[in-house]
Amino acid sequence: MNQLNKSHLLGIKELSEEEIQLIFETTDNFKDVLNRPIKKVPSLRDVTIANIFFENSTRTRLSFELAEKRLSADVINFSSSSSSVKKGETLLDTVNNILAMKVDMVVMRHSSPGASHFLAKHIKANIINAGDGTHEHPTQALLDTYSIRERLGSVAGKKVVIVGDILHSRVALSNIFALQKLGAEVMVCGPATLLPKHIEKLGVKVELDLRKALNWCDVANILRIQLERQKMSYFPSLREYALYYGVNMELLNSLDKEITILHPGPINRGIEITSQVADSKYAMILDQVENGVAIRMAVLYLLASSPAA
Ligand code: CP
C-alpha cells in the first residue's frame, strides 16, 4: 500500500491497520527531513490549508501549522474567538466563506462530536479532524502509538493502560481504536464515575486500582481531568483525585518493572501526574510533541493525493 485512498481523516475508527502502518512509514521519512539542516520540502506547494479552531489548542494548532509550512503549503488560520462566529455566523457559512478563498484542505477542531463528519458531507475540501468534542482526536492517537513504536520497537503485543477521565476524552477513544488495530492490549483505569458505562464492550479491560493497572502495563497514557467538559462533580476534590489516581515517582519506583509514561498534554502538574514523573526519563511527553509534527506532515501529504470529490 502506498496511498490512503481517503480524502478525509475523521477518526481512527475508519482506518485499517495497513493505513496506520503507511502513515507511520511516511512519518519515518518526514522525521528524517525534520532532522536535516533544511527542514522544508516542496511536497504541498500550491496547496492552501485552513486551520479552523473553535476550541482552544496549543500543541495541535501549532503542530499542524508547522507541518503545513514544512511541506511548503500556503496556510491561513482561523480562531472562533476572534471571528464573525461571535456575530452569529454558522459553521457551514464560516467554512464556505473560507473555501470561497480557494482552500484545498481544512483542519478543524470543534467542541461538537461529529462536526468534522458534518463538514466532510457538505463541503469540497479534504477535512482533518483535529479533535471533535468527546469523540475522536485521530492525529493525537497516531502520534501516541508512533511514540510507543519508537521507544518499544512495536505496538503489537504491548499492554497499554489509559488512566483518568475516559468519559470526556476524545484521546482515549482514538487511542483505544489505534492500539487495538495495531495489536496492543488495552486497559482503562480511573474512578468509576469517569469510565463510560459498557466501555468493556470496546474490548478493553477495566481496572479501578491504579497500582494494579500500572503493574499490568508496559505503557501508561495519563489523561488530564477535562473540567471544561464536565457538567457536574465526578469526584469529591482534585486533591482526592490526585491521591488515588495521580501518578507519582514513589508509585513508579514501587512497581515490579519500568513503564513508559505518555501524556497528550496539557498536563496539570500535581494532579494526574507529578512534575518529577513528567520530567523523568520514563515520560515521552515532549517526544510525543516532536513526533506530532512528522505525523501531521504524513497525514497531510497522504490526503493531498486524494482531493475531495
Ligand atoms: N493534546 C492536545 O490536543 O493538546 P492541545 O489541546 O493543546 O492541542
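Guide: Start with Asn2, which is in contact (heavy atoms within 4.5 Å) with Leu22 and Leu302, leaving aside neighbours within four places in sequence. This is a predicted model, where local features need pLDDT of at least 70, side-chain atom pairs count only at pLDDT 80 or more, and totals for chains, interfaces and linings use all residues. Residues are numbered from 1 along each chain as its sequence is written, and side-chain values use heavy atoms, with hydrogens and water left out.

Visitor: Why is Asn2 called exposed?

Guide: Exposed means over 50% relative accessible area, buried under 20%, partly exposed in between (1.4 Å probe, protein chains only). Asn2 has 64%, so Asn2 is exposed. Asn2 lies in the segment before helix 1 (17-34).

Visitor: What makes Lys158 a residue with no salt bridge?

Guide: A salt bridge needs a side-chain nitrogen of Lys or Arg within 4 Å of a carboxyl oxygen of Asp or Glu. For Lys158, the nearest side chain of opposite charge, Asp218, is 6.3 Å away. Lys158 is buried, yet has no salt bridge. Lys158 does touch Asp218, along with Leu152, Ala184 and Glu185, not counting residues up to four places away in sequence. Lys158 sits in the loop between helix 5 (138-152) and strand 5 (159-163).

Visitor: Which helix gives the most to the lining of the largest cavity?

Guide: Helix 11, with four residues. Lining residues have an atom within 4 Å of a cavity point, where a 1.4 Å probe fits on a 1 Å grid over the protein atoms alone but cannot get out. Among them are Gln288 and Arg296. About 60 Å³ of space lies in that largest cavity.

Definitions and conventions:
Helix = DSSP H or I, 4+ residues; strand = E, 2+ residues; numbered from the N terminus. Lys, Arg positive; Asp, Glu negative; His and termini not counted. 1 Å grid on protein atoms, 1.4 Å probe; cavity = no way out; pocket = protein on both sides within 12 Å on 5 of 7 lines; lining within 4 Å. Points joined across faces, edges and corners; volume = space filled by probe spheres on them.
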